Amino acid sequence: MTRPSTPTAAWQPGRTSGSNLPSGPAGRPAAPSGDGNGPPPGRPTVTIGTYPDYPSAQRAVDHLADNRFPVESTAIVGTDLTLVETVLGRMTTGRAALAGAGTGAWFGLFIGLLFGIFTAGNWIAVILVGLVIGAIWGAVFGAIAHAMTGGQRDFTSASSLRASQYAVTVDADLADEARQIMGRLTLPQAAGRR
């Protein structure tokens with residue numbers, strides 16, 4: 001069954017008119033609101049303190065919460081973010097196989113437990129067989145995956161984001177109340193209050 005089509009203007013990228021957007025599986029979409037550069041900005045905020053590390057900023061927000069301040073109006077904002085990748089060691093085919101065996105053993109244990117629930121006989125043997133088969137297949141796939149990299153990344157690492165300082169911000173209409181409460185807390189501050 002076909003529906004009669006009504007002539008409409010051709011859809012053009014960048015135009016926000018909802019009448020010329022193409023239909024999708026859920027029907028005709030609504031035009032985006034705003035200028036198309038992301039979500040509209042939230043309420044205005046004020047920085048009530050900056051701290052050299054995250055635990056200090058966390059203690060500041062915790063202090064606000066302990067004094068019945070509406071902490072849902074606060075945020076901890078890390079500034080000057082740096083990606084730090086800490087190298088943990090050299091990756092060899094043996095280590096890749098060992099890591100794969102560990103992952104495969106967990107998966108095999110899970111499958112063995114599932115099959116063991118429905119086994120009338122020796123369910124411990126089913127669990128152990130699942131664990132062993134999972135470890136073997138994990139080791140094989142781990143070694144193959146490492147060999148396929150061709151030596152491009154022969155080390156293991158852990159990545160983390162670090163900020164040079166952490167700012168505690170609150171909604172502008174609650175800034176005075178937050179500053180009064182924070183005046184009773186002594187924490188090291190990086191750049192003072194702004």
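Two aromatic pairs, a count of 2, were identified in this predicted model. A pair of aromatic rings is described by the distance of the centres and the angle of the planes. For Y54 and Y166, the ring centres are 5.7 Å apart and the planes stand at 70°, so this pair is edge-to-face. Y54 belongs to helix α1 (residues 54-66), whereas Y166 belongs to strand β3 (residues 155-171); the pair therefore ties together parts that are 112 residues apart in sequence. With a relative accessibility of 39%, Y54 is classed as partly exposed. Y166, at 15%, is classed as buried.

The other pair, formed by W137 and F141, is stacked, with 5.5 Å from centre to centre and 25° between the planes. Both residues lie in helix α3 (residues 123-148), and because they are 4 residues apart there, about one helical turn separates them. W137 counts as exposed, at 51% relative accessibility, and F141 is likewise exposed, with a relative accessible area of 52%.

W137 and F141 also take part in a nonpolar surface patch of about 920 Å². M148 is located in helix α3 and is exposed, its relative accessible area being 67%.

The largest nonpolar core contains 16 residues, of which I48, L64, F69 and V168 touch the most other members. At least two residues of this core are supplied by each of β1 (45-51), α1, β3 and α4 (175-182). When residues up to four places away in sequence are not counted, L64 is in contact with I48, F69, V71, T74, A178, I181 and M182.

The chain as a whole has 4 helices and 3 strands, which follow one another along the sequence in the pattern β-α-β-α-α-β-α. Among its contacts between residues at least 6 apart in sequence, 76% join residues at least 24 apart. The edge-to-face pair of Y54 and Y166 links parts separated by 112 residues. Of the 194 residues of the chain, 25% are classed as buried. The accessible surface amounts to about 13600 Å², and carbon and sulfur atoms account for 62% of this area.

Key
Residues numbered from 1 in each chain as written. Predicted model: local features only at pLDDT ≥ 70, side-chain atom pairs only at ≥ 80, totals over all residues. Heavy atoms only, no water. Phe/Tyr/Trp six-rings, centres within 6.5 Å; stacked < 30°, edge-to-face > 60°. Buried < 20%, exposed > 50% of the residue type's maximum accessible area, 1.4 Å probe, protein only. Patch = residues over 30% accessible without salt bridge, like charges linked within 9 Å, V, L, I, M, F, W, Y side chains within 5 Å. Areas by Shrake-Rupley, 256 points an atom, 1.4 Å probe, with all protein chains shown as cover. Salt bridge = Lys/Arg side-chain N within 4 Å of Asp/Glu carboxyl O. Core = buried A, V, L, I, M, F, W, Y, C linked by side-chain atoms within 4.5 Å. Contact = heavy atoms within 4.5 Å.
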